[in-house]
Amino acid sequence: MKFSRSAARSARFERLGIDLLLLGAFGALVSGVVVLAGRWHAPIRTAVEIDLSPLALPGYTLLSLSRGFAAYLLSLAFTLVYGTVAAHSKRAEKVMIPLLDIGQGIPVLGFLPGLVLGMVALFPRTNVGLELACIVMIFTAQVWNMTFSFYGSLRSIPAELHEVARLNRFSWWKRFRTVEVSASVIGLVWNSMMSMAGGWFFLTVNEAFTLGGRDFRLPGIGSYMSVAIERGDTRAIFWAIVAMVLMILAVDQLLWRPLVVWSERFRIEEITTGRPPTSWVVTLLRKSRLLRRLRRTFRQARRAAAQAAPAAAPPEAAWAAGAAPVALRVLTVAAGGASLAACAWGGWKLVSLLVQVDAQKWRMLALALLSTAGRTALALGLAVLWTVPVGVLLGRSPVWSRRLQPVVQTAASFPAPMLYPLVTGALLLFHVPFGLIAAILMFLGAQWYVLFNVLAGASAIPHDLDEASDVYRVTGRGRWTTLYLPSIFPFLVTGLITAAGGAWNASIVAETLLYRGKTMETFGLGTLITRATHDGDFPLLTAGVLTMSFALVLLNRTVWRRLYRLAETRYSLNR
Amino acid sequence: MPNESNPAPEEAIAAVRGVDKTFLDETGRERVILKGVDFTVRKGEVVVVLGPSGCGKSTLLRVLIGLIPPTRGTVTQHGRPLEGLHPSAAVVFQNFALFPWLSVEENVRVGLTGRPFGAEEGTARVKAAIDRVGLAGNERSMPKELSGGMKQRVGIARALVSGPELLCMDEPFSALDVLTAELLRSEVYRLWSDRSTGLSSVVLITHIIEEAVFLGDRIVVLGANPGTVKQEIPNPLPHPREYRDPGFQRIVDRIHDVLTGVHLPEEPAGSARAETAVLPLPPASVGEMFGLLEILADHGGEMDLFAIDAMTDWDFGRTISVVKGAELLDFVDTPKNRVLLTDAGRALVAASPSDRRPLLRRQLLRLGTFTTLVRELAKTPDEPRRGEEVRALLGTLLPGEHPVPLLQTVINWGRRAQLFDYDVATDELSLYAGASSDDTLA
C-alpha cells in the first residue's frame, strides 16, 4: 500500500539513469584530463591569439578551471605540510605563523613579474613556465586562509583524542589520517571553497599581462576577458561573464556542496544546529546502485586483504614512536636553515634594489599610499552603508537568509575585475571622475565580504534578546542601537578586515584600466605598481609592493586588531 | 475549573478563550501546540502554569501578552480585546536575555523604553529597581561579570522598573543552581507581596512541582500533545510555605496524581489491547528503561512512581516517558501510582547483556509499529530505506505523532535489539545485516 509496484519500477529506471549519468561524467572527466595534459607541451608563444567568438569560450573556461584546480591541489599540499609542521613544532611555529600572517596581507600581484621571468627562464621552450607562473599566482591568492584554518583545527583538537591515539599506539600516518585530518575536514572544506573563489579574482591579470614591453598570454577565460576589454567588445565581455558564472555555479554544485555534505560526518559536537546541508548530487550518488555495489566490493576486498595479512603492525608502530619525531626534527632544522639562507639572500637582493629608489620617488610613494588609503576607506564606507541595513533586514528572516546565502556566495566568488569595464563605462556616462570610479571598482569586490558577514551576524541575533526588545518596546532607532548594531559588530569587523585586504589588493587592477584601447588611470599606489610592472622598473615595483605590505601590516596591528579586541570583549554574544 | 471559568471581566488582567496555536514543523506538517485553551489571570494572584516540556506553556504565555497571535480564539486584557502588546506586562526570561554590551543600569533602563517618564524620574526608578533586587553598587557592572543569580536579578529589575501590573516569568529559575533558585523564589514572593511597586499579578511558567506549590495561589496543569488545560488546582496554603508541611505535600501529591492521569491513563483490566496494535512510542531510550528495571529490581520489584522520580535526575515528564515505554514493552505494570516489575521484566534484569537482546527483540515484535516496519523492510532486503520514506510510513501509521522523534525512538529501540541498522550519515534504515537465524520474525 505504501510502496506500490509502479513506483518501484520507476525508481528502478531512475537508478539506471543515475548510473548512466555517472559513467558519462566519469568518461568526460578522464578525456578532459588527457586533452589538458597535451596542452602543456605547446611551444611558448608570446601573445597567443585569443578567439573572441562565444564558441571558443567553453574551451577557455575549462583551461582556466584546470589552472584553478592545479593551484588548489598545490594549496592543499602546502596546507597539509605547513600546517602539520607548524602545529607540531613549537620552534617552527614561532616563525611560520607570523610569516603566514604577512603572506596573507601582502599584495601578491606584485610578485607576478619576477615569477614569470624566472619561470620563463627555467622553461624557455614550452608553455610550462608560463602555466606554472599563472598557477603559482592563483595559489598565492588561495593558500593563506586554508593553511590558517588547518593549523587552527590542529591546535584545537581535544587532548583526549591525542591521548587515545597514543594509548592505541597509532602510527604517525594513522594519527594524521584518523585524528588530524578528520578534525580539520569541515574547516578545510569551507576554506577551500572560499579559496577557490578568491583565486579567480586576478585571473584577468594572471593569464594576460605585459611586462617590460613583452606580452605574455595564456589561453583562458581571463585572457579572453582582457582582450575583450581591450577591444571594448561588449558582447564578448557579456559572454565571458556568463561563462564565469556558469563555471562558479557548476563547481559549487558538483564539487563543494557534496563535499560540505560529506564533511558533516566529521562534526565533533554532537548537537546539530539548524538544518543539515543538502546536495542534490549527494542524493543522486546515494541512489546509485552502481556505486553501492562498488563500495560493497571495495569493503569486501579490504576485509579479505586484512584477513590475508594479519596485524603486522608492531614494527611500523615502533618506527612511528621513535623515528617519526626524529625525522620531523631533522626536517624542521633543515627547513629552518634553508629558509634562513633564502631570507638572507632575499634581504640582500632587496636592499640592492631599494637603494636605487631615490628620495623623490619615496615621497611619491607615500603620497600614493595616502591616496589609495583614502580610496579603500571610501570603498569600505560604501559597502557598510548599504550592506548593514540590507544585511540585517534580510538576515533576520531565516527564510530569506537561507535563500540569499548561495546568491551572495556566487556573487562573492565572481572575480570583480571582470565587471570593471562595464561599470566604468556606465559611470563615465555620468561624468564621474576616474579617481572616484576606482574607489567604486574597489568597492565592487569588497562589498560581498561585508554583506556575507552581516547576514551571518544578523541571523545569529539571539531569539531571547529579540523577544526582550519586543516586550520592552525597543523599536525604531533604539532597536538598531541597542540590539542590531552591537550584535553584528564582531561579524562586521571580521567582514571589514577581509574586505579591506581585498580592496588594497584590488587597487592594483582598479586604479589603472585599459578600456576601449584607452588607458585610464588615477594617482595611487596601485597605479604606481602597475606602471612599474609594465615598464619593468623593478626597483620601483619592489618599493611599491613593500610600501603596501608595510601599510597593510601596520593597519592590521593598529586599527583592525583594536577593533577586533573590542568586538571580542564588549560585543561578544558568548554570555 | 467549573467555578472559575467566568470571572467578572474587570477582574481579569489578561485572559485567553478557546485558543489554538499551530506551527509548521521542519517537515512542513502542522503541529498543534495549544488546543482549546482557556486561561485567566486575575487581579492580585500568583498563577502558575505547570506542565512537562513541550506542552506549550511558554507559547501560552506569549499569546497571553500579545507577543505572538493565536491561530484561533480570543485574547483580552481587562475585558477588552488585546491589540498589540499587553499594555502593562513585563517578562522575565529563562536565560535572562540581558544585552551583553549594556551595563546593569543600562539594561534596567531598557525596561523604561517608550514609557512616559521624565529623565529624572526615569533615573530614580532605575536606581530604586536596582536597589529593590539587591544589586545596589553593581550599576556599572557588565552582565558577563555577574553570576547567574545576579543576572536574573537584573532581569527582574528590568521587568519591575516600569511598575507593571502583570509580571510574567518564563521558567525564571531553571538556569540557576538549586540554592540560588531557592533564594530567588522567596525574593520574588517578597517583591510581589510588597505592593509598593504597583505589581498586581504574577504568571509563572515552570515544570517543577514544588516551585508551583511554593509560589502559586492557583496552579494550572497543562497536558502535552497538544497542550490543553487538564486541571486547575487552588492552593490556599498561607505564606511562608514550608516544603515539609503536610498540607504542602498533599497538594504536591494531588498534582502528581493529575500528571499521572495525564500521562498514564488506566488501561481496561485484562490488557485487552490487541497485541499488534500500532501504538505511539514514548521518547525513552532503551538504556533509561533498563535503568528503570534495575532500580525496580533493587527495590523488590515494586515502587511508587514518585519514589522513582525522586531517585533519578529526570524531570517528571521524562520519568513518565520511561515508565510508559517499559510498560508498552510489558516489562512493568502500573496499577495507579505503583510500578511493578513483570515476569518479562524480571527475566530481562536477570539476563546477561547479550541475552537481553533477544528478550528485547521478542517484546518489540509484539508491537504493531515494529512488525509493520520489519515487514516493510523485508520486502527489499538489500535496499536500505531512506529516512524520509520511513518517516512518511510512520506518519501514515500514527497520524497524530511527530514522525521525527518517533523514528528516533524506533531506531534507538530497534538498534539495541539488532532488528535494524541505521546509518546516520546517509539517513538510511535497513534490516540488521548480521541477523541471526533465531527469531527475526516470529
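Me: Into which domains is chain B divided?
Reply: This is a predicted model, in which local features need pLDDT of at least 70, side-chain atom pairs count only at pLDDT 80 or more, and totals for chains, interfaces and linings use all residues. Residues are numbered from 1 along each chain as its sequence is written, while chains are lettered from A and ligands numbered from 1 in the order in which they are written. Domain bounds come from an automatic or database domain assignment. Chain B is divided into domain 1 (2–261), domain 2 (288–350) and domain 3 (356–431).

Me: How many helices and strands does chain B have?
Reply: Helices (H or I, at least four residues) and strands (E, at least two) are DSSP runs, numbered from the N terminus. Chain B has 15 helices and 16 strands.

Me: What share of chain B counts as buried?
Reply: A residue is buried if 20 or more other C-beta atoms, placed from the backbone, lie within 10 Å of its own. Chain B has 442 residues. Of these, the buried share is 39%.

Me: What is the strand order in the open sheet of 3 strands in chain B?
Reply: Two strands pair if DSSP finds at least two bridges between them. Strands S11 (302–304) and S12 (332–333) of chain B are the edges, each pairing on one side only. S12(B) and S13(B) (residues 338–341) are antiparallel over 2 bridges. The order is S11-S13-S12.

Me: Which helix gives the largest share of the side of domain 2 that touches domain 3 in chain B?
Reply: The C-alpha centres of these two domains lie 24 Å apart. Residues are in contact if their C-beta atoms, placed from the backbone, lie within 7 Å. The contact takes 6 residues from domain 2 and 4 residues from domain 3 of chain B. The largest share on the domain 2 side, 3 residues, comes from H11(B), residues 343–350.

Me: Which helix gives the most to the side of chain A that touches chain B?
Reply: The contact takes 21 residues from chain A and 22 residues from chain B. On the chain A side, helices H18 (463–471) and H19 (476–510) give two or more residues. The most, 6 residues, comes from H18(A).

Methods: Two residues are in contact if their C-beta atoms, placed from the backbone, lie within 7 Å. A residue is buried if 20 or more other C-beta atoms lie within 10 Å of its own, exposed if 12 or fewer, and partly exposed in between; C-beta atoms are placed from the backbone.
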